[in-house]
Amino acid sequence: MANNYNRVYNFAAGPAVLPVEVLEIARDDMLNYHGSGMSVMEMSHRSKTYDNIIKTAESDLRELMNIPDNYKVLFLQGGANLQFSMVPINLLKNGEADYIVTGQWAKKAYIEAQKYGKINKIASSEDKNFSYIPDCSDLDISPNSDYVYICENNTIYGTKFHTLPNTKGKILVSDMSSCFLSEPVDVTKYGLIFAGVQKNAGPAGVQIVIIREDLIREDLPSWCPVMLKYKTHSDNNSLYNTPPAYGIYICGLVFKWIKKTGGLEIMKQINDKKAKILYDFLDNSKLFKGTVEKESRSVMNVPFVTGSDELDKLFIEQAQKAGFVQLKGHRTVGGMRASIYNAMPVDGVIGLVDFMSKFEKENLQK
Ligand SMILES: *Cc1c(COP(=O)(O)O)cnc(C)c1O
């Protein structure tokens, strides 16, 4: 292995690989964080030391993503799945929204939102098992729509919106869980961005919401739980109740690591390079092939198949033994999926492609 810890190359979709440098800092800080005499896990979230951790995490994230002052950054819990409820509860004013359904996560969000209003499915790629991103340049957006919803990178299917939909002036809401911090984004194009950090930015348990201030409302239905109002968390700088304190600390270390690497532009260059190595191999392979349309390919999640269930199984087994783990595809796609998030080193992808090439030679002869 290419490190001192006998670590494998972990291609899991999430929870996923974290940078070794981040884990090393966490290890060194574990028993006595910066002279506090305790670990971050044992610390009051109201202490001065912790206040500095959460404020630094927020300001580093703002710097990395160039988040304008009229957007709030919230550190929440409940996973991306809770946002499937919080988004409609907080943003439906007219009671109508438009959803673009490009995978299971978008579909779940679409179904959940129906509890709260008239939810229109204005585009979908379900007809071809979500293997492409539909043309969203001229959709039938409802005049009453409070927002247009997308899942920007479809973790399970390996597709990504390379062009944002034309929302015809409506607010865009994006589930960015699996492409968060993988490339620069223009935050001003969105009303709300959310991301579960366990894909590309930290450990499970933290949910980051970036929301334009004017969308944070007071006048919500009286049944709305206090914990589900963005206003509650915004008014209290994510400290209304005990936040996922240790997870936020790790996210802060990941933000510092990205800054040190050179920021999101450099991150994108490295990610594009890794994806190109893998896609070029797939395009030229006689055994393996990608499962999505080329123009819709994700840079983060790369599903592929051999066309034979037995060979897929054999490949996953042998790859695991060789130190390339968590390559099994989602049950709805089958085959394999390599998630190559920020923290996956280029060497991991080169190693995987070498292994695939060897496997191909051995198994094409048969
Ligand atoms: C993983 C994932 C989710 C679900 O996240 P949870 O934190 O488990 O709720 C939602 N959307 C996308 C795009 C994901 O990748």
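**The largest pocket and its surroundings**

Modeller: The residues that line the largest pocket fall into 14 nonpolar, four polar and four charged. Please keep in mind throughout that this is a predicted model, and that everything I describe is computed from it. The lining of this pocket has 22 residues, and those lying nearest its centre are Val-20, Glu-21, Ala-343, Met-344 and Pro-345. Several elements give two or more residues each to that lining, namely strand S1 (9–10), helix H1 (20–29), helix H6 (245–261), helix H7 (264–284) and helix H9 (346–364). The largest share belongs to H7, with three residues, and the volume of the pocket comes to about 380 Å³.

The structure holds one cavity of 30 Å³ or more, and the largest cavity has a volume of about 60 Å³. It is lined by 14 residues, and Val-17, Leu-18, Asn-200, Ala-201 and Ala-343 are the closest to its centre. By class, nine residues of the cavity lining are nonpolar, four are polar and one is charged.

Of the 13 residues around the ligand, Asn-81, Thr-155, Asp-175, Gln-198 and Lys-199 come nearest. By class, this shell has four nonpolar, seven polar and two charged residues, and its largest share, four residues, comes from helix H3 (residues 79–91). A polar side-chain atom of Asn-81 lies 2.6 Å from an oxygen atom of the ligand, while a polar side-chain atom of Asp-175 is placed 2.6 Å from a ligand nitrogen atom. For Lys-199, an N or O atom of the side chain is 2.5 Å from an oxygen atom of the ligand. On its own the ligand has 390 Å² of accessible area, and the protein covers 87% of it.

Phe-130 lies in the loop between strand S4 (118–124) and strand S5 (148–151), and its phi is near 55 degrees, a positive value in a residue other than glycine.

To set these parts in the whole, the secondary structure of the protein comes to nine helices and 14 strands. The radius of gyration is 21 Å, close to the 21 Å that the globule rule gives for 366 residues, so the protein is as compact as a globular protein of that length. Taken along the principal axes, the box filled by the C-alpha atoms is roughly 70 × 60 × 30 Å.

Conventions. Residues numbered from 1 in each chain as written. Predicted model: local features only at pLDDT ≥ 70, side-chain atom pairs only at ≥ 80, totals over all residues. Heavy atoms only, no water. Near = heavy atom within 4 Å. Polar contact = N/O pair within 3.5 Å; in protein donor to acceptor, adjacent residues only side chain to side chain. Areas by Shrake-Rupley, 256 points an atom, 1.4 Å probe, with all protein chains shown as cover. Nonpolar A, V, L, I, M, F, W, Y, C, P; charged D, E, K, R; others polar. 1 Å grid on protein atoms, 1.4 Å probe; cavity = no way out; pocket = protein on both sides within 12 Å on 5 of 7 lines; lining within 4 Å. Points joined across faces, edges and corners; volume = space filled by probe spheres on them. Rg over C-alpha atoms; globule rule 2.2 N^0.38 Å.
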